[in-house]
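Please open the model in your viewer and keep the selection tool at hand. The stops below can be taken in order.

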Amino acid sequence: MIAPMNFAFTEEQEELRKTVRSFLEAKSSEEAVREQMETEQGYDPAVWNQMGEQMGLQGLHIPEEFGGSGYGYVELGIVLEEMGRSLLCAPFFSTVVLAANALLLSGDDDAKKAHLPGIAAGTTIATVAFTEPNGKWDEAGIEATATASGDGHLINGTKSFVIDGHVADLLLVAAKTGAGTSLFAVEGDASGMTRTSLSTMDQTRKQAKVEFSDTPATLVGTEGGGWDVLQGMLDLAAVSLAAEQVGGAQFVLEMAVEYAKVRVQFGRPIGSFQAIKHKCADMLLEVESAKSAAYYGMWCAAEMNDELASTASLAKAYCSEAYFHAAAENIQIHGGIGFTWEHPAHLYFKRAKSSELLFGDPTYHREQLAQRIGI
């Protein structure tokens with residue numbers, strides 16, 4: 001029996017949204033975002049600690065036995081939506097959505113016990129390194145190798161586009177062994193590892209290139225079972241990113257509508273012109289549809305049901321395009337000022353574009369959706 005779906009948020013969930021929003025309004029203002037995106041590390045350690053210690057955000061969906069709060073994916077989605085709205089500069093996505101989910105899906109109790117409590121407490125910054133300079137998002141793109149050595153492994157190869165790879169204390173690295181794709185834990189201070197920050201279009205989300213030369217690593221999960229874990233993690237990441245994109249899209253919609261009300265041309269607000277009305281109406285329709293897709297994805301993730309795989313691709317493809325379109329239209333509605341560095345519109349535009357490409361663009365996900373539902 002499938003539980004009936006209810007898209008209305010509970011009182012507790014609305015309270016969570018309110019708390020997170022007021023926290024982010026205080027800590028992730030436009031000024032704070034601009035300040036952090038200019039720094040090498042890309043986040044404010046004091047805010048990160050507050051998120052962990054006072055808010056418990058890093059441990060929100062981590063089970064209580066590993067030091068988390070044991071909430072579900074819907075709650076995590078709400079938090080991500082608010083973070084997307086305020087362009088929070090912090091290694092939250094890499095640590096909580098990528099690394100924590102990979103550990104939770106790995107079925108490796110020792111690895112969970114070793115790493116999840118630190119993630120939940122906000123003391124461990126973690127990430128997953130699986131993409132390589134070839135830019136592929138599927139298993140075929142993984143070329144790094146891991147060879148057994150003593151009671152561990154040694155990794156050789158290069159990973160690229162590793163989110164927050166330059167500051168992570170723990171990297172979960174996908175590499176090939178004789179048994180196939182496997183997942184390995186590498187400590188941030190491991191020998192033979194070189195990390196280089198990459199210059200990215202979206203400065204609010206830092207990426208790094210990580211090179212491994214006989215770097216010591218510990219197997220996570222079963223040897224050869226790494227891709228199954230990564231695939232599950234990528235589906236959850238797609239749904240999570242969709243939630244984040246919805247937060248950003250909603251915000252640029254509000255920004256555009258607000259501007260259309262106050263900007264006067266030819267003696268009347270530009271919002272009264274047919275062309276602007278149409279733009280705003282189209283944006284609203286797309287943003288509301290994107291919310292439906294993202295919330296349905298979050299529900300599937302919370303239930304971990306069979307629909308997650310197809311819904312993840314659907315949500316990622318739709319929300320990517322809705323956010324990018326909304327961010328572009330917001331610049332158009334603002335006119336000349338929208339193109340300037342001083343105005344925040346470009347920050348959302350760049351985040352929308354880079355999020356559209358992250359984990360595969362809409363074309364990739366539509367193709368994946370077609371394969372998954374057997375078209």
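The model is a predicted one, in which local features need pLDDT of at least 70 and side-chain atom pairs count only at pLDDT 80 or more, while totals for chains, interfaces and linings use all residues. Residues are numbered from 1 along each chain as its sequence is written, and side-chain values use heavy atoms, with hydrogens and water left out.

**Aromatic rings**

Select F130 and W137, which form a tilted aromatic pair with 6.1 Å from centre to centre and 55 degrees between the planes. Rings of Phe, Tyr and Trp (its six-membered ring) are paired if their centres lie within 6.5 Å, and planes under 30 degrees apart count as stacked, over 60 as edge-to-face and the rest as tilted. F130 counts as buried at 5% relative accessibility, and W137 counts as buried at 18%; buried means under 20% relative accessible area, exposed over 50%, and partly exposed in between, with a 1.4 Å probe and protein chains only.

Helices (H or I, at least four residues) and strands (E, at least two) are DSSP runs, numbered from the N terminus. With F93 also selected, you have the cluster of F93, F130, W137 and F359 that ring pairs link.

**The nonpolar cores**

Now select M51, F92, L98, V128, V186, L230 and F359, the residues with the most contacts inside the largest nonpolar core, which has 86 residues. A nonpolar core is a set of buried Ala, Val, Leu, Ile, Met, Phe, Trp, Tyr and Cys residues joined through side-chain atoms within 4.5 Å. Helix α7 (residues 226-262) gives the most to this core, with eleven residues. A second, separate core of 23 residues includes V33, C280, V287 and Y323.

**A helix crossing**

Display helix α5 (residues 92-106) together with α7: their axes come within 9 Å and cross at roughly 145 degrees. Axes here are lines fitted to C-alpha atoms, for helices over the stretch in contact, with angles running from 0 to 180 degrees between N-to-C directions. On the α5 side, the residues that meet α7 include F93, L98 and L105, and those on the α7 side include V229, M233 and S240.

**Two loops**

Where does F339 lie? Its place is in the loop between α9 (308-334) and α10, and F339 is exposed, with a relative accessible area of 60%. Not counting residues up to four places away in sequence, F339 touches I331 and Q332, contact meaning heavy atoms within 4.5 Å.

Finish at G224, in the loop between β7 (207-220) and α7, which counts as partly exposed at 33% relative accessibility. Select A179 as well: the C-alpha atoms of G224 and A179 are separated by 4.6 Å, although the two residues are 45 residues apart along the chain.
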